Amino acid sequence: MLQIENLNKTFNPGTPIANHALKDVSLHLNAGDYVTLIGGNGAGKSTLLSSVAGTFSLDSGQITIDETDVTHLPEHKRASYLGRVFQDPMRGTVANMNIEENLALAYRRGQWRGLRWYINSKERALYRERLATLGLGLEKRLGDKAGLLSGGQRQALTLLMATLKEPKILLLDEHTAALDPKTAPKVLEIGDKIIERHKLTTMMVTHNMRDAIRHGNRLIMMNGGRIVLDIAGEEKKQLTVDALIAKFSQASGEAFAGDQALLG
């Protein structure tokens, strides 16, 4: 489904602040894989996600989605393959448009929209059905402006918008980091249900080790622009935070920094 081969990316090359953010990174995801990406600040997690999204050009390497080479496709042309949710809950919705209009924007992704569009009753019924699965009562608030929703509600709506057309790859870039401790688990649960329902191939960046262990079927840990751990199956199910820290130290040859944000 997703093949990442020997990616290299250096920001500000040839300067004193040059940063080799990705170093020969290779990663293969099968259809339906739900991968959590963990690592300290500067490990390369979000850079890897942005590489898949086409946010910037690569120094070298290849990215293939469903047997299509997208390495040189710009971000807007790659959007038809992808759904993405960012850390900021305000980034995925248009505040002064209502819930129904935001969903219509997502539903028409990759299509010519014109200056006006008509939302028919069949489409509206689909929006209500999908909103009802969130368990937040938003199916009764189609006419409410997105800007009136809480951060958690907007992020749940963004999740729904990102998956409305069932993308080849779903990218979750620390999408609960800005939410309060009570809301974040709810949004993660909603995401899990959507991913499971549609069997979406997913990459989720997180700073929280417990979340990385608890969610998905595969865990990738990065350090210094490289993948240092790839844990899946029964081994991941039995994983603990202490065991993960020990594995990191063994694989990287470094003592874990003890960043509390990583411990969750």
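**From the overall fold to one helix**

Tutor: Residues 24 or more positions apart account for 65% of the contacts in the protein with a separation of 6 or more. Please keep in mind throughout that this is a predicted model.

Student: How many helices and strands does the protein have, and in which order do the strands of the open sheet lie?

Tutor: The protein has 10 helices and 10 strands. Six strands form an open sheet with mixed pairing, in the order E6-E7-E8-E3-E9-E10. Strand E6 (82–85) and strand E10 (226–232) stand at the edges, and each has a single partner strand, so one side of each is left without a neighbour in the sheet. Direction ignored, neighbouring strands of this sheet are turned by 15° against each other on average.

Student: How many bridges join strand E3 to strand E8?

Tutor: Strand E3 (residues 34–38) and strand E8 (residues 201–205) run parallel and are joined by 4 bridges; tyrosine 34, for example, has threonine 202 in E8 as its bridge partner.

Student: Which strands do helices H5 and H9 touch?

Tutor: Helix H5 (residues 151–163) packs on the sheet, where it touches E6 and strand E7 (169–173), and its direction makes about 170° with that of E6. Helix H9 (residues 241–252) also packs on the sheet, touching strand E9 (218–223) and E10, and the direction of H9 makes about 140° with that of E10.

Student: What span should the 13 residues of H5 have, and is H5 mostly covered or exposed?

Tutor: At 1.5 Å a residue, the 13 residues of H5 should span 18 Å, and the end C-alpha atoms are 18 Å apart, which agrees. H5 is mostly covered, with 12 of its 13 residues buried, among them Gly152, Arg154, Leu157 and Met161. The cover over the buried residues of H5 includes E6 and E7, together with helix H3 (99–107), helix H4 (121–132) and helix H6 (183–198).

Methods: Residues numbered from 1 in each chain as written. Predicted model: local features only at pLDDT ≥ 70, side-chain atom pairs only at ≥ 80, totals over all residues. Heavy atoms only, no water. Pairing = 2+ DSSP bridges. Helix = DSSP H or I, 4+ residues; strand = E, 2+ residues; numbered from the N terminus. Axes fitted to C-alpha atoms, helices over the stretch in contact; angles between N-to-C directions. Contact = heavy atoms within 4.5 Å. Expected span 1.5 Å × (residues − 1). Buried < 20%, exposed > 50% of the residue type's maximum accessible area, 1.4 Å probe, protein only.
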